Amino acid sequence: MNRREFLESFAVAAVLPALARQDSAHEWGSPVFDLHFHLRPQPARNLAHLDGAGVTKANLLTRGGALDQVKAAQAAAPGRFTWFNSYDVTKPDAEQVLTQAVKSGAQGFGEMKFHVAADGPELRRMYALAADLRVPILIHFQEVDHTPNEGTWSTGFAKTFGSILKAYPKTTFIGHADAFWANVSADYHDEAVYPAGPVKRGGVTDKWLGDYPNLFADMSAVSGNNAMARDAAFTPDFLKRHQDKLLFGSDCSCGDGHGAGYNNPAAPQMTGKCVARETLSVLKRSTSPAIFQKIVWGNVHGLLRIPAS
Ligand SMILES: [Zn+2]
Ligand SMILES: [Zn+2]
């Protein structure tokens, strides 16, 4: 049975209670929305990852002029893709380009990954523009190089981002990557890419998710996975505490949604694994079905104002 026949068979079975239908149709017991999926050039390769990993819909992260590719992906799978756009924030036309992307249908900015300070002028004007256009801004925070000379991204998170959250209350921020997730622990001092071991309670990321209604968390990548997998005594309460602020994402580069070709030199334990599957597994075993469904499906629909169907 191909996917269309499979879906049609469920449409016919509309007499079944909605929840039972949903459970049996989805590998994870809930439909899944991947907030952090980098657009792949061929439409079929996007779908290979979604279908392989049991993902229903995804948000395509694009940079610069990508409208034709986005449209091709959307045409290949109607209703399954939203998109965000990013553009070099050091360029003078950044505001103009991103405004045009939103006018063309982009539902957010991101991922913003540039060698600038998190509280510097380049990103500050993006925070203001995101508020004006009423779209969220997804930011990659990283203080430690993965490879020599990689450089760092949106620096100063732990020291400065609290004041940014306060200064831009109308901006919806989505935090992501190494420094964002390492700082769930209060003892992080930019020493490891993916810190291991027990989480020291009271980290700034945990605190700010509680304190600031304009901060959300993108759980993608090894950084998000590591933060949820490193301390089984920490994770269930964290998920419960921030159940309305957490958004599942993969940031996975594997080919098939089962780990083919995945290789992250900073995380050898993930070689050959699919980050989407690994993170969905840790979330599923760490929380209730109701909270799981919010994190992997419900929350993002509210945030992006798209119908959850
Ligand atoms: Zn990133
Ligand atoms: Zn994958």
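Modeller: Keep in mind that this is a predicted model. Let's start with helix 13, residues 289-304. With 16 residues at 1.5 Å a residue, helix 13 should span 22 Å. Its end C-alpha atoms are 22 Å apart, so the two values agree.

Biologist: Where is the kink in helix 13 centred?
Modeller: On Ile295. The kink there is about 50°.

Biologist: Which residues of helix 13 are buried?
Modeller: Ile291, Phe292, Ile295, Val296, Trp297, Asn299, Val300, His301, Leu303 and Leu304.

Biologist: What comes just after helix 13?
Modeller: Arg305, with a positive phi of about 55°.

Biologist: New topic, the metals. What coordinates the zinc ion (ligand 2)?
Modeller: His49 through NE2, plus Cys252, Cys254 and Cys274, each through SG. The distances are 2.1 to 2.3 Å.

Biologist: How are those donors spaced along the chain?
Modeller: The pattern is H-x202-C-x1-C-x19-C. His49 sits in helix 3 (residues 43-53), while Cys254 is in the loop between strand 8 (246-247) and helix 12 (275-286). They are 205 residues apart in sequence, so the pair ties those parts together.

Biologist: Is His49 buried or exposed?
Modeller: Buried, at 0% relative accessibility. Cys254 is buried too, at 0%.

Biologist: And which protein donors does the zinc ion (ligand 1) have?
Modeller: Glu111 (OE), His140 (ND1) and His176 (NE2). The spacing is E-x28-H-x35-H. Glu111 is in strand 4 (residues 109-112) and His176 in strand 6 (residues 173-176), so that pair links distant parts of the chain, 65 residues apart.

Biologist: How much relative accessible area does Glu111 have?
Modeller: 7%, so Glu111 counts as buried. His176 is buried as well, at 0%.

Biologist: Last one. Where is Asn85?
Modeller: In strand 3, residues 81-86. Asn85 is buried, with a relative accessible area of 2%.

Biologist: What does its side chain make a polar contact with?
Modeller: The side chain of Thr62, at 2.8 Å. Leaving out residues up to four places away in sequence, Asn85 touches several others, including Arg63, Val97, Leu98 and Phe109.

Terms used: Residues numbered from 1 in each chain as written. Chains lettered and ligands numbered in written order. Predicted model: local features only at pLDDT ≥ 70, side-chain atom pairs only at ≥ 80, totals over all residues. Heavy atoms only, no water. Donors = N, O, S within 2.8 Å, 3.2 Å for Na, K, Ca; no water. Helix = DSSP H or I, 4+ residues; strand = E, 2+ residues; numbered from the N terminus. Buried < 20%, exposed > 50% of the residue type's maximum accessible area, 1.4 Å probe, protein only. Polar contact = N/O pair within 3.5 Å; in protein donor to acceptor, adjacent residues only side chain to side chain. Contact = heavy atoms within 4.5 Å. Expected span 1.5 Å × (residues − 1). Bend = angle between axes of the 7 residues up to and from the residue.
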